[in-house]
Amino acid sequence: MARNSAKVIAYVDPIDAFFLQIQGSGVVEFRNGRRLRVGYDSQNGHPYVPIGKYLFDVIPREKMSLQTIEAHLRSLSSKEAQDILNKNPSYVFFRKLDSRGITYFGTEVESGRTIATDYRHFPKGALAILDFEAPIFEHPSDHEPRDWYPVSRLVFDQDTGGAIRGPGRVDLFWGEGPEAKQAAGVMKQSGRLVYLVPKGLQQP
């Protein structure tokens, strides 16, 4: 049997590793304060399966978010949590980065501007206007927003992902850090995406 020659980049918390795979890139912070940026390198070929659908008996559909899923997983034993994580057969491998995350289009991600869509339906590298509602939180530890406010901004379609399938799904890159994680974790709002196309390219 051939020995696996893949090198281990870092050992991290299994739950953090799971969400890192969904995001596709991130920062590993070591106990000594060192930070290591990692980005998508390859995938094991299995389709992504959202584990949330296995948790409807403990988390109502309207309450489902990154925060509530993570809180539930951390309330379980290591084995129980891993059994749920294993419901998703997809596994992502990472490589070290010297920059911010690299998109499918080959450019660095831009906080609040990079969107990811299904490349079979949407053009990579295109400029668009995204109208959506952003969350307002009372406290940094809140799992649910206090309110929502309307946002309209220019975005770039630069990325895609194994969990982003179909014409009705758009992911907005919020950035790094706790505030970005808190906001991104609850985003499941409906919105409007309008691509900007030169007049000469319009269909008759």
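**View 1. Strand 5 and its two neighbours.** L130 stands opposite L193 in strand 8. Strand 5 and strand 8 (residues 192–195) run antiparallel and are joined by 4 bridges; strands here are DSSP runs (E, at least two residues) and helices are DSSP runs (H or I, at least four), numbered from the N terminus. Two strands count as paired if DSSP finds at least two bridges between them. Strand 5 (residues 126–136) also runs antiparallel to strand 6 (residues 147–159), with 11 bridges, and there E133 has P150 as its bridge partner.

This is a predicted model, where local features need pLDDT of at least 70 and side-chain atom pairs count only at pLDDT 80 or more, while totals for chains, interfaces and linings use all residues. Residues are numbered from 1 along each chain as its sequence is written, and side-chain values use heavy atoms, leaving out hydrogens and water.

**View 2. D13 at the start of helix 1.** Have a look at D13: one of its side-chain oxygens comes to within 2.9 Å of the backbone nitrogen of I15. D13 also forms a salt bridge (a side-chain nitrogen of Lys or Arg within 4 Å of a carboxyl oxygen of Asp or Glu) with R74, at 3.2 Å between the closest N and O atoms. Because D13 lies in the segment before helix 1 and R74 in helix 2, the pair ties together parts 61 residues apart in sequence.

Terms used
A polar contact is a pair of N or O atoms within 3.5 Å; within protein, one must be able to donate a hydrogen and the other to accept it, and residues adjacent in sequence count only if both atoms are side-chain atoms.
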